[in-house]
Amino acid sequence: MQVNDLLEPNVRIRELKKDRVNFVLENVDISFANSLRRVMMADIPTVAIDMVEFDTNTTVLPDEFIAHRLGMIPLVSTNCDEAIRYSRDCTCLESCQNCSIELILNVACHESRTMDITSNHLDVVVRGGFGWREEVDDGEEIARRSENFGHPVGKNDPSVQPVLICKIRKGQELRVRCIAKKGIAKEHAKWSPCSAVSFEYDPHNRLRHTTYWYETDIKKEWPLSANAAEEEAPLDDEPFDYNAKPQKFYFEVETDGSLGPQEVVMKGLTELQTKLANLVLGLKTDPPELDTLGGDAATQLPPANGTLPAQAAPRATGWGQEASPAGWGGAAGTPGSSAGGGGGGAGGGWGTSPTGGGTAWGGSSGSGASPPAGGWGTNTAAPAGAWGAAGSGWGTGSPPRNNTGWSSPNPQTQSGWNV
Ligand SMILES: [Zn+2]
């Protein structure tokens, strides 16, 4: 049960469906597993209706009630990072095609029956239809949208039941204009791409993190979960190992359809990586401003993630690296060696680098351009894996580099801590 520090993190997908994924995450700390869970729930951007203008509402429900229901309808948000910008980052005053999706709902009942108004009645206004009130040039985001971006999930798909908004009878009418915007669930739960994210660990309760209440027979009253088959049952008289730590986490991620489960997990890892990188940068004392220095000065600066020669000045290194020239990842790497590559190699790191060929979700790694691509794959055989294996992982002795690994997080302009 002891975590072996030399083992690489590993993911084994047990079930992957259109709206859910079940996987086993191994060889990570419980805090990492929980961070991933929380990031997937609360930090991945999607689009959701954020503003509603009522033209006519003669239904039995008040405007606020309907506006709230409209906000909760999941909208297709594939590639939301690139396909739409946050309104706060947009040049427009209120909303435009670059930062918003416009939808209209126009339903009236003319028959003597009860009629359902559902998410299938919501229509995205195509460009030039309704028209924005402001004239703003098209941003690069527009070209990156899928055809059904911003449409209600499951629209025109008979196998998906639409979301009921309101019921009306003869003579009643609902006519509204909705503006959907990009956001994250930390601000409002309507932006969460997940309907449920959970993980279980230690199904036999070997670690005694859980105290079961029972009347007579604990085993009968608390049947084991299905995950118990993955681990060996402890013997009745087995001594308690108080140093043991959980190392296998059984994840179940279910989405509301706005994003696929694969995108949720991959984006969750990217987001977590960015947050941690921001934290490291924020903890640095007196970070040098490369832009403000002359060319010579800039080239003399040590690399940001601690590949300093031992005699170099300690400024600009990360946290507590006085003792070791290597960065966080451990002492195993040789400074300057690029074999492990750390997060630096294309396809290394956490496998979420857009340039990495080895992201390897659900398949073998190394399928891309970079042969030693380990990444967040299901295959642990790759030689230069992610995360802290000897000679690899974050920031062990790799050369200065840009855009990957710890040293230079992606420019964080849109979400996370610093905005
Ligand atoms: Zn805008």
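Two strands count as paired if DSSP finds at least two bridges between them. Helices (H or I, at least four residues) and strands (E, at least two) are DSSP runs, numbered from the N terminus. What you see here is a predicted model, where local features need pLDDT of at least 70 and side-chain atom pairs count only at pLDDT 80 or more, while totals for chains, interfaces and linings use all residues. Residues are numbered from 1 along each chain as its sequence is written.

**View 1. The whole chain.** The protein chain holds 6 helices and 10 strands. Of its 419 residues, 38% count as buried; buried here is 20 or more other C-beta atoms within 10 Å of a residue's own, exposed is 12 or fewer, partly exposed is in between, and the C-beta atoms are placed from the backbone. Take the contacts in the chain with a separation of 6 or more: 70% of them come from residues 24 or more positions apart. A contact means C-beta atoms, placed from the backbone, within 7 Å.

**View 2. The sheet β1-β2-β10-β9.** Here we have an open sheet of 4 strands in that order, with antiparallel pairing. β1 (10–16) and β9 (194–201) sit at the edges with a single partner strand each, so one side of each has no neighbour in the sheet. From one strand to the next, the twist averages 20°. Zoom in on β9 and β10 (residues 248–255) and you find an antiparallel pair with 7 bridges, where Cys194 has Thr255 of β10 as its bridge partner.

**View 3. Two helices on that sheet.** Helix α1 (residues 30–42) packs on the sheet, touching β2 (20–26), β9 and β10, and its direction makes about 170° with that of β9. Helix α5 (residues 261–283) also packs on the sheet, with β1, β2, β9 and β10 as its contacts and an angle of about 125° to β10. Axes are lines fitted to C-alpha atoms, for helices over the stretch in contact, and angles run from 0 to 180 degrees between N-to-C directions.

**View 4. Along α5.** This helix has 23 residues and spans 33 Å from its first C-alpha to its last, close to the 33 Å expected at 1.5 Å a residue; the expected span is 1.5 Å times one less than the number of residues. Its buried residues include Pro261, Val264, Val265, Leu269, Ala277 and Val280, and also Lys267 and Glu271. Among the elements covering them are β1, β2, α1, β9 and β10.

**View 5. The largest nonpolar core.** In soluble globular proteins, nonpolar side chains tend to be buried together. The largest core here has 54 residues, and Met40, Ile49, Cys178, Ala180 and Val253 are the ones with the most contacts inside it. Its largest share, 5 residues, comes from α1. Domain 1 (10–43 + 194–262) and domain 2 (48–88 + 96–125 + 163–189) both contribute residues, so the core lies between them. A nonpolar core is a set of buried Ala, Val, Leu, Ile, Met, Phe, Trp, Tyr and Cys residues joined through C-beta atoms within 7 Å, and the domain bounds come from an automatic or database domain assignment. Leaving out residues up to four places away in sequence, Val253 touches Arg20, Val21, Met40, Cys194, Val197, Pro261, Val264 and Val265.

**View 6. The sheet β3-β8-β4-β6.** This is an open sheet of 4 strands, with antiparallel pairing. β3 (46–57) and β6 (123–124) are at the edges, each with a single partner strand, so one side of each is left without a neighbour in the sheet. Antiparallel β3 and β8 (residues 173–183) are joined by 10 bridges, with Glu53 opposite Arg177 of β8. β4 (residues 100–108) pairs with β8 in the antiparallel sense over 9 bridges, and Leu103 has Cys178 as its bridge partner in β8. Helix α2 (residues 63–71) lies across β3 and β8, at about 150° to β3.

View 7. Most residues other than glycine have a negative phi. Asp202, in the loop between β9 and α4 (218–221), has a positive phi near 50°. Asn205 lies in the loop between β9 and α4 and has a positive phi of about 55°. Asp202 is buried, with 22 other C-beta atoms within 10 Å, whereas Asn205 is partly exposed, with 15.
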